[in-house]
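Please look over the structure shown below together with its sequence. The paragraphs that follow lead through it step by step.

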Amino acid sequence: MSAVGALLAREIRLAVRAGGGAGLGLAFFLVVVLLAPLGIGPDQEVLGRVAPGLLWVAALLACLLSLDRLFQADHEDGTLDILALSPLPLEAVVAVKALAHWLTTGLPLVVAAPVLGLTLNLADGAQPWLIGTLLIGTPALSGLGAIGAAITVGLRRGGLLLSLLVLPLYVPTLIFGAQVVSRAAQGLEAGAALPFLAGTSLLVLAAFPFVAAGALRINMR
């Protein structure tokens, strides 16, 4: 097995074993969406209108929950220093860790979202757009989260600071993703905002390994 494959398998194994990947994020996503009708009310028309934004906000917050685990545990036990000295570039280590975060947090949200969309009376025509926008947008959430986690690694109680750093960066992805689904739910042309969502994700995916690796190098000095 290659070094990248071995590292990816390790990260997924640790995320699942610790219960902080798919379990925590997916549970939070389910709870938020299922509790929403209790607070908003049983009006199906109202639920259908708020469903696109609510699903996207819940997915965003669910991705945020486990970000502090990306580098913190490895930094505390010295594993991060070993990875930094390994033949694998630190940028590749960052990319693999972000990929593992998406596979254990973002991907389960994509799978669960259509079912939860039915509970919020999301229009049938918007379901494919919901799946598509989450598939395109959630990798960017993991990438941006990796940058925040790298900046705050080593800080005591850095979880709050991490949230404050990352949440503003999530706003464009949230706006474009929710806009696409909302327009589809209203029966309007939904594809106008999709290139902006895809462009944002591509920009993040191209830049985050280098930005996060640079932040890690500074914090490990």
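Glycine 159 counts as partly exposed because its relative accessibility is 31%. This residue of the predicted model is placed in helix α8. Its C-alpha atom is separated by 26 Å from that of leucine 85, a residue 74 positions away along the chain.

Leucine 160 also lies in helix α8. Its relative accessibility is 62%, and values over 50% are classed as exposed, so leucine 160 counts as exposed. Leucine 160 belongs to a nonpolar surface patch that it forms with Ile151, Leu155, Leu161, Leu164 and Leu165. Together these residues present about 550 Å² of accessible area. Helix α8, which covers residues 158-185, contributes the largest share of the patch, with 4 residues.

Attention now turns to helix α7. This helix runs over residues 127-152 and contains 26 residues. From its first C-alpha to its last it reaches 36 Å, close to the 38 Å expected at 1.5 Å a residue. Most of the helix is covered, with 19 of its 26 residues buried. Just after α7, glycine 154 adopts a positive phi of about 90°.

Most residues other than glycine have a negative phi. Asparagine 121, although not a glycine, has a positive phi of about 60°. Its relative accessibility is 35%, so asparagine 121 counts as partly exposed.

Which residues are linked in a network of salt bridges? The network consists of Arg10, Glu11, Asp74 and Lys97. Within it, glutamate 11 forms a salt bridge with lysine 97, in which the closest N and O atoms are 2.9 Å apart. Glutamate 11 lies in helix α1 (residues 3-18) and lysine 97 in helix α6, so this pair ties together parts that are 86 residues apart in sequence. Lysine 97 also forms a salt bridge with aspartate 74, the closest N and O atoms being 2.5 Å apart. This second pair links distant parts of the chain as well, with aspartate 74 in helix α4 (residues 72-77) and lysine 97 in helix α6, 23 residues apart.

Lysine 97 counts as buried because its relative accessibility is 1%. Aspartate 74 is buried at 6%, and glutamate 11 is buried at 10%.

A further salt bridge joins the side chains of arginine 217 and glutamate 91, at 3.0 Å from N to O. Arginine 217 lies in helix α9 (residues 194-219) and glutamate 91 in helix α6, so the pair ties together parts that are 126 residues apart in sequence. Arginine 217 is partly exposed, with a relative accessible area of 38%. The count of salt bridges comes to 6.

The overall fold can now be considered. The protein has 9 helices and 0 strands. Its radius of gyration is 18 Å, close to the 17 Å that the globule rule gives for 221 residues, so the protein is as compact as a globular protein of that length. The C-alpha trace spans about 55 × 35 × 35 Å along its principal axes. Buried residues account for 46% of the 221 residues.

Notes
Residues are numbered from 1 along each chain as its sequence is written. This is a predicted model: local features need pLDDT of at least 70, side-chain atom pairs count only at pLDDT 80 or more; totals for chains, interfaces and linings use all residues. Side-chain values use heavy atoms; hydrogens and water are left out. Patches are made of residues with over 30% relative accessible area and no salt bridge: like charges are joined within 9 Å, nonpolar side chains (Val, Leu, Ile, Met, Phe, Trp, Tyr) within 5 Å. Accessible areas come from the Shrake-Rupley method with a 1.4 Å probe; for residues, only the protein chains shown count as cover. A salt bridge is a side-chain nitrogen of Lys or Arg within 4 Å of a carboxyl oxygen of Asp or Glu. Helices (H or I, at least four residues) and strands (E, at least two) are DSSP runs, numbered from the N terminus. Buried means under 20% relative accessible area, exposed over 50%, partly exposed in between (1.4 Å probe, protein chains only). The expected span of a helix is 1.5 Å times one less than its number of residues. The radius of gyration is taken over C-alpha atoms; the globule rule is 2.2 Å times the number of residues to the power 0.38.
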